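Please look over the sequence and the model below before reading on.

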Amino acid sequence: LYLYLDGLTRVPESVRAFPNVVPLLAHEHGDLHAAGRFLPLTMLRKRCMFIIFDDDIVYPPTYVREIVEGLAAFAGRAVVAYHGNVFRPPFRSYIKDRHCYHFADPLAEHRPVHCVGAVTAAFDSGQLSFDPTAWPRVPGNDLMLSIEAERRDLPRIALARAAGWLQPIGGVQPDSVYAATLADDRQQSAMMQALL
């Protein structure tokens, strides 16, 4: 388990207690912020199922098994997630011109999407690998992950789930990437257009 620690200057003792956790301090790796979750792709020595977690979601005990099964349903040739967006004409605004399949809402069947939510995503590192330090410095990383998948002709899939299977911790924080995007989505809108 690789743990990207954004904003911390040292590894907490609670993390050091786990020998299977590889802590990555942001200031030692270029302050990638949310994109730091992909940094382990540059360190892997063998192919793996790359499964992402975030600190503001409650994941059920069956999360890993179910997301791996979801990826297997596409023979590993996809990026799967429990959160995704489908963009709609006129494709001018990332916020206004989309339908969001939010991870906390039910979804009866798997659906193709343009953009997956990185905080609930998984993929085969043999199919998709990249260096997030080469990405432009933009808030969030859902669109960059989806652009990387598009470059490799990998479908993006929102996986079926029951309502509340994944639960957010808290609401939209005032200092979150999403709150900033609600206020000004020009950068994300340009990236959306590049993805399409």
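A residue is called buried when its relative accessible area is under 20%, exposed when that value is over 50%, and partly exposed in between, with a 1.4 Å probe and protein chains only. The structure is a predicted model, in which local features need pLDDT of at least 70, side-chain atom pairs count only at pLDDT 80 or more, and totals for chains, interfaces and linings use all residues. Residues are numbered from 1 along each chain as its sequence is written, and side-chain values use heavy atoms, with hydrogens and water left out.

Lys and Arg count as positive and Asp and Glu as negative, while His and the chain ends are not counted; a salt bridge is a side-chain nitrogen of Lys or Arg within 4 Å of a carboxyl oxygen of Asp or Glu. By these terms Asp 185 is buried but has no salt bridge, and the nearest side chain of opposite charge, that of Arg 186, is 6.7 Å away. Asp 185 is placed in the loop between α4 (177–183) and α5 (186–195), where helices (H or I, at least four residues) and strands (E, at least two) are DSSP runs numbered from the N terminus. Leaving aside residues up to four places away in sequence, Asp 185 touches Ser 93, Tyr 94 and Ile 95, a contact being heavy atoms within 4.5 Å.

**Two sheets**

Strands of a sheet pair through backbone hydrogen bonds, either parallel or antiparallel; here two strands pair if DSSP finds at least two bridges between them.

Another open sheet has 3 strands in the order β7-β6-β9, with antiparallel pairing, and its edge strands, β7 and β9 (115–116), each pair on one side only.

| Strand pair | Bridges | Bridge partners |
|---|---|---|
| β5 and β10 | 2 bridges | Ala 81 and Ala 121 |

**Backbone exceptions**

Most residues other than glycine have a negative phi, and most peptide bonds are trans. His 33, although not a glycine, has a positive phi of about 55°; His 33 lies in the loop between β2 (22–25) and β3 and, at 46% relative accessibility, counts as partly exposed. Asp 153 also has a positive phi, of about 60°, and is found in the loop between α3 and β11, where its 59% relative accessibility makes it exposed. The peptide bond from Pro 89 to Pro 90 is cis, with omega near 10°, and Pro 90 lies in the loop between β6 (84–87) and β7 (98–101).

**The whole protein**

The protein has 5 helices and 12 strands, and buried residues make up 44% of its 196 residues.
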